[in-house]
Amino acid sequence: MANNKEEKLFGLFPPVTTEQWEAAITTDLKGADYERKLVWRTAEGFNVRPYYRAENLKDVAFLGSKCGEFPYVRGTKKDNNWQIHQTIGVECPKEANAEATRALTKGAESIGFCIASKEFSAADLDTLLKGISLKTTELTFCGCGVKTVAELFADKLENSDLNPEEVKVNFVIDPIINKLTLKGKLGCKEGAPKAFSTIADLIKKVPQYKRVRFVGVNGQQFNNCGSTIVQELAFTLAVGHEYVVKLMEQGLTIDQAAPSIRFTMSVSSNYFMEIAKFRAARMLWANIMAQYKPTRGCASKMKIHAVTSKWNMTVYDPYVNMLRGTTEAMSAAIAGVHSIEVRPFDEAYEKPTDFSTRIARNVQLLLKEESHFNQVCDAAGGSYYIENLTASIAEQAWKLFKEVEDKGGYIAAFEAGFIQDQIEASAATKDKNIATRRETLLGTNQFPNFLEVAGQEVTAETVTPGDKAKCCCSGKPVEGGVRPLRPYRGAMAFEQMRLSVDRSGKEPKAFMLTCGSLAFARARAQFSCNFFACAGIRVQDNTYFKSLEEGVKAALDAKADIVVICAADDDYATLAPEAAKMIGDKAIFVVAGAPACMADLEAQGIKNFIHVKSNVLETLKYYLKELGI
């Protein structure tokens, strides 16, 4: 009965061919260029079409597999019950243990301990783990003291009667990224061979604990340095493969080396692309490992921990970070990763508070308990769009991965400068897009909070990229190393500029001189208010002035430092020169827009214009310099 009804229903709607769709679109475009208007060229190097149909899946080779089946594009297991992860800094083991215990009662399911010091003892480890069950809680250790803790933990496991199948512990030992990539040298003292033999010795020490992973590929750092999604994926895979090769050179089999790796990757706000990235990552890793003919299925399964992006977090209007973290966590959850960590919204400028860490946990609790994301495996599977994105990202990442391998692997490619060149070029493009507002960071380069002033917890160091070429052992730059990558946040350039205004002791004001055509005056006043507020300049908007004289008088009475005339292009030819003459040198005079008469206005001495094609960052820096800030 149901099938008959369905057939009758669909019979009322005759199928529409692709040719019919294209004809309708062409008509609606009214002669506009289809490729320029509707086709999106991604930073990842491929085009995204305005729509996809079933016929677009015919060339997608990985369709047909199920969740938990090779090549694991749909997930490495048959469910989607990811772990809610929270990282805790460890300076005092007792205090860190208390914080971890509280977190486990408030929604966290997986705990990360960031060890701040190499001076860490077995007694400290016992204190840190007191009351935490290794049977029910997955633990991850990172930080400067991670190798010391790994050795202590291996000793602890050797002398324990725990069931090896129940112990799930990860160690983020990653000299390739944490040393070579971020500091310029693989080993500050011990050198490269020792770095890999140490990891191999740890794996050999507790071979029965197959869920203990001693290598943690810290791939999120590529995103933190400004990479594209494809670059992050390709280079993360290359680092993982490098570890497999180096560990096998130390005498391990593929069945020992591959399962000892845990991958950490970031999640940016590019919602659908991130879903596709994680699906592509599992597929590519499975195919890479398949070439080594492992006897255990887990050797081909990529264990992914996803962390919301640090690169797009902002100091100003920080509550927007909550929204970013939520959509990013959604991408990772839909993509079926092993565990997710949502960064607290205030992490960019202070030690996270109890409130911010609670909100970060609750984001995932809402996704699980109220949105039920954990009850559907690969919810995006079968989507024409997502499957095509997955295929495109996989194709581009595989191409870049092979380039790295052709250069001798990740270490050789990095020492040759190839990795840095790729990521720095991507970062420069991102920076330019943010400066020109082709890419939006809400609350920073677009729609800022006009009244916000940075609190005392925000310092110049907060909005300045740190010197990542320092070794955590000595605090001094690594000598004799290659050029490292530099983690930073995309908002930093705007934040530096705005903080300089907040700390200047001045309150520069931009006054909107609205005149001429009312509709244009209001639209350009709103544009200009957003423009100048991005630098922390106070703005005074005005509905409309009936005469130019009235507007100029109001601007001078308000003691405005910048006066922005807001009118229609046709009005500027007469109004702008008159206003500029009345204002003289009492304020900086700016025209909102790029009128056809711009050359004539410049000939009359008017040199300041703001418009949608302006480099907002450089333009605002110029005005601040003129104001003595």
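Which residues of α15 are buried? In this predicted model, helix α15 covers residues 384–406, and its buried residues are Ile386, Glu387, Asn388, Leu389, Thr390, Ile393, Ala394, Gln396, Ala397, Leu400, Phe401 and Val404. An α-helix has 3.6 residues a turn, so residues three or four places apart point the same way.

The buried residues of α15 pack against several other elements: the strand β2 (47–48) and the helices α10 (229–249), α12 (271–290), α16 (410–415) and α17 (418–435). At 1.5 Å a residue, its 23 residues should span 33 Å, and the end C-alpha atoms are 33 Å apart, so the two values agree. Just after the helix, Gly408 adopts a positive phi of about 105°.

The chain has 629 residues, for which a compact globule would have a radius of gyration near 25 Å; the value for the protein is 28 Å, which agrees. The C-alpha trace spans about 90 × 70 × 50 Å along its principal axes. Of the 629 residues, 52% count as buried. Among contacts between residues at least 6 apart in sequence, 77% join residues at least 24 apart.

The surface was also examined. The protein exposes about 28500 Å², of which carbon and sulfur atoms supply 52%. There are 77 positive and 76 negative side chains, and the centres of these two sets lie 2 Å apart.

Notes. Residues are numbered from 1 along each chain as its sequence is written. This is a predicted model: local features need pLDDT of at least 70, side-chain atom pairs count only at pLDDT 80 or more; totals for chains, interfaces and linings use all residues. Side-chain values use heavy atoms; hydrogens and water are left out. The radius of gyration is taken over C-alpha atoms; the globule rule is 2.2 Å times the number of residues to the power 0.38. Buried means under 20% relative accessible area, exposed over 50%, partly exposed in between (1.4 Å probe, protein chains only). Contact means heavy atoms within 4.5 Å. Accessible areas come from the Shrake-Rupley method with a 1.4 Å probe; for residues, only the protein chains shown count as cover. Lys and Arg count as positive and Asp and Glu as negative; His and the chain ends are not counted. The place of a charge is taken as NZ of Lys, CZ of Arg, CG of Asp or CD of Glu. Helices (H or I, at least four residues) and strands (E, at least two) are DSSP runs, numbered from the N terminus. The expected span of a helix is 1.5 Å times one less than its number of residues.
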